[in-house]
Amino acid sequence: MRISTDGKTLLRSSLIVLSALFATTALTLPARPAFALSELKKEEGELPQKPAEGEKTAPVEEEQENAAPVELPQPDPLIRKRASVTEPTDEPAVTDDKPAEEEPQEPVEVIYDIEKAPEPVRRMRQLIVEAAASGDIERLRPLLGKGVTETQVSMVESQEGPVETLKGQSGDSDGIEVLAILLDVLATGYVHVGQGTPDEMYVWPYFTAKPLAGLTPPEKVELLRIVTAGDFADMQEFGSYNFYRVGIAPDGQWKFFVTGD
């Protein structure tokens, strides 16, 4: 196949134009750095390197802007400003306090020998026994005194005389029952109380000063000669002896013959 001279000239001109065009395009494009093949491939599990100091990464900033703000925990409703403020509790407070121990009671000296009492006391007791044994309550009248020395025969004030009051306490109109009780009381042992004080006295029966829970069997027999078993049970519930008792001062004055609390 033969090409004419004009066709060759046209083909050559087209090639020249295309070459010039490619050269211009290559000059205008920015040069890109060449990367080695080792730099293009990363081993599995290799973490990306941190950006150089001062560089900014837009995606990270956007994530931080879009992230929800961090919320601080709210304080408790009750803020203790003092160490003494505490939460209420149903548990009992623990303390070092110990219940007070009961002081041991001193043993009571029960006296049966009347000779150990002063002579005025012995004399008054003997006169009372003789009057009560007679069965005539009027024989007690001179022994009961008058005015400030009058013997107390009741726990409450009364306008009646002591003999009339004792008759009123007796189960019979003549006061015989009270006289029998008086004899039984003076037949028991006695105690000496209030030594060295204005209230020093010799008191019958000794049950007035001795705890009932500590009575021995013979002492219980002696008590039941004065009171009934029902009375004794009531006294145990009450906590002490509360029946008739006699008190004579060291000078021989008959201070009281009373019953009750």
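This is a predicted model: local features need pLDDT of at least 70, side-chain atom pairs count only at pLDDT 80 or more; totals for chains, interfaces and linings use all residues.
The protein chain has nine helices and four strands, defined as DSSP runs numbered from the N terminus (helices H or I, at least four residues; strands E, at least two). Along the sequence, their pattern is α-α-α-α-α-α-α-β-β-α-α-β-β.

The four strands form an open antiparallel sheet in the order 1-2-3-4, pairing being assigned if DSSP finds at least two bridges between two strands. Strand 1 (191–193) and strand 4 (254–258) stand at the edges with a single partner strand each, so one side of each lacks a neighbour in the sheet. On average, neighbouring strands are turned by 20° against each other, direction ignored. Strand 2 (residues 201–204) pairs with strand 3 (residues 245–248) over three bridges in the antiparallel sense, and Val 203 stands opposite Gly 247 in strand 3. Helix 4 (residues 119–133) also packs on the sheet, touching strand 2, strand 3 and strand 4, and its direction makes about 140° with that of strand 3.

Of the 261 residues in the protein chain, 24% are buried (under 20% relative accessible area, 1.4 Å probe, protein chains only).

Residues are numbered from 1 along each chain as its sequence is written. Local features need pLDDT of at least 70, side-chain atom pairs count only at pLDDT 80 or more, totals for chains, interfaces and linings use all residues, and side-chain values use heavy atoms, with hydrogens and water left out.

Methods:
Axes are lines fitted to C-alpha atoms, for helices over the stretch in contact, and angles run from 0 to 180 degrees between N-to-C directions. Contact means heavy atoms within 4.5 Å. Buried means under 20% relative accessible area, exposed over 50%, partly exposed in between (1.4 Å probe, protein chains only).
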